[in-house]
Amino acid sequence: QVQLVESGGGLVQAGGSLRLSCAASGRTFSNYAMGWFRQAPGKEREFVAAISRSGGNTYYADSVKGRFTISRDNAKNTVYLQMNSLKPEDTAVYFCAAARWNGVVSSLGRKDLYAYWGQGTQVTVSS
């Protein structure tokens, strides 16, 4: 089992920044690729960003490319999502997830690859 706990969400004005954190416990963190997803009210959960087990490879949804950065610290068992130039359409509950995946990082947009999910943290961007 892997337990994931997100933090860092909140209310921010458009154009502002937030950094989300996801702390993992349980199994060996470095054995898992990590991803961030988000879900807005009335919409399906969508992929945001993913990072390989070592942190050497990343993958982003087109909607956040150039604005968001995913990173990880395997010594701290934590994955981060730095969000800059936030827009009202970024408003959602953000979830981190863990996948026991060592394939191409571009496959990590698939929800079904992830075995463990956090409870989510709310991000609200006001216009």
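F37, F47, Y59, Y114 and W117 make up one aromatic cluster. The model is predicted: local features need pLDDT of at least 70, side-chain atom pairs count only at pLDDT 80 or more, and totals for chains, interfaces and linings use all residues. Residues are numbered from 1 along each chain as its sequence is written, and side-chain values use heavy atoms, with hydrogens and water left out.

Rings of Phe, Tyr and Trp (its six-membered ring) pair if their centres lie within 6.5 Å; planes under 30 degrees apart count as stacked, over 60 as edge-to-face and the rest as tilted. The count by this rule is six aromatic pairs. One of them is Y32 with Y116, which is edge-to-face, with 6.1 Å from centre to centre and 75° between the planes. Y32 sits in the loop between β3 (18–26) and β4 (33–39), and Y116 in strand β10 (residues 116–117), so this pair ties together parts 84 residues apart in sequence. Strands are DSSP runs (E, at least two residues), numbered from the N terminus. Y32 and Y116 are both buried, meaning under 20% relative accessible area (1.4 Å probe, protein chains only).

The ring centres of F37 and Y114 are 5.1 Å apart and their planes at 85°, so this pair is edge-to-face. It links distant parts of the chain: F37 is in strand β4 and Y114 in the loop between β9 (92–99) and β10, 77 residues apart. F37 and Y114 are both buried.

Two arginines lie over ring faces. A charge counts as over a ring if NZ of Lys or CZ of Arg is within 6 Å of the ring centre and within 35 degrees of the ring normal.

| Arginine | Ring | Distance from ring centre |
|---|---|---|
| R45 | F95 | 3.7 Å |
| R72 | F29 | 4.3 Å |

Terms used
Helix = DSSP H or I, 4+ residues; strand = E, 2+ residues; numbered from the N terminus. Buried < 20%, exposed > 50% of the residue type's maximum accessible area, 1.4 Å probe, protein only.
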